[in-house]
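Reader: Can you walk me through the pockets and the core of this one? Keep it short.

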Amino acid sequence: PMYHAHNENIPIHVWVDETRPRNQGGMTAWELQSHGISNTYITDNAGGHLMQQGQVDVCVVGSDRTARNGDVCNKIGTYLKALAAYDNGIPFYVALPLSSIDFSLESGLNRIPIEERDSEEVTEVAGIMPDGLPGRVRTAPPGVRTNNPGFDVTPARLVTALITEHGAFEAETEAISALQGPTER
């Protein structure tokens, strides 16, 4: 959606979450910048603040797996962005390829397995050491317990619409089921 808006000369600015712990947002910022789209790379937890300050007009996220009822499984923190958008009256869209919809999955909440990632992603940071070589530095006390889920599920009730390569659709069972090809039913 951002590329289409930019190509139509619609002025946009994208707030890009860092997407901890892997900082995948850095790649998104680079891609947008390479396409000439204005963006600012922000910490994951800054989104709600920016929404409260009136600096966000619309929220667009991706989806790794979408259930037939419109529940969306995406990178951790997506659910909190949806709640912040809802609380601030900001439309919350999910851009996804049709291939990521799991038509066999009735709903996603408590049904999609959530990957638990390595604790070192939370307790350590990678970087260049004083000797100029790459290394890791521990940022948490030894033996600390961690919880590092890689994804969360956003309920369909918080999704304004799903944007696919076939257009935008309501995040609800009837609209999503209509997207299913006749040979897949």
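Author: Contact here means heavy atoms within 4.5 Å. The model is predicted.

Reader: Fine. What does Val-94 touch, not counting residues up to four places away in sequence?

Author: Val-94 touches Val-61, Gly-62, Ser-63 and Val-72, and also Val-159, Ala-161, Leu-162 and Ile-163.

Reader: And how many residues does the largest nonpolar core have?

Author: The largest nonpolar core has 25 residues. Val-94 is among those with the most contacts inside it, along with Met-51, Phe-92, Ile-101, Val-159 and Leu-162.

Reader: Which elements give two or more residues to this core?

Author: Helices H3 (47-52) and H4 (78-87), plus strands E3 (59-61) and E6 (92-95). H4 gives the most, with three residues. There is also a second, separate core of six residues, including Ala-67, Cys-73, Ile-112 and Val-153.

Reader: How does the lining of the largest pocket split by class?

Author: 24 nonpolar, 14 polar and seven charged residues.

Reader: And the second largest pocket, by volume and class?

Author: The second largest pocket is about 320 Å³. Its lining has four nonpolar, one polar and seven charged residues. Arg-20, Arg-22, Asp-118 and Arg-136 are among the lining residues. Helix H5 (120-123) and strand E8 (124-128) each give two or more residues to that lining.

Notes:
Residues numbered from 1 in each chain as written. Predicted model: local features only at pLDDT ≥ 70, side-chain atom pairs only at ≥ 80, totals over all residues. Heavy atoms only, no water. Core = buried A, V, L, I, M, F, W, Y, C linked by side-chain atoms within 4.5 Å. Buried < 20%, exposed > 50% of the residue type's maximum accessible area, 1.4 Å probe, protein only. Helix = DSSP H or I, 4+ residues; strand = E, 2+ residues; numbered from the N terminus. Nonpolar A, V, L, I, M, F, W, Y, C, P; charged D, E, K, R; others polar. 1 Å grid on protein atoms, 1.4 Å probe; cavity = no way out; pocket = protein on both sides within 12 Å on 5 of 7 lines; lining within 4 Å. Points joined across faces, edges and corners; volume = space filled by probe spheres on them.
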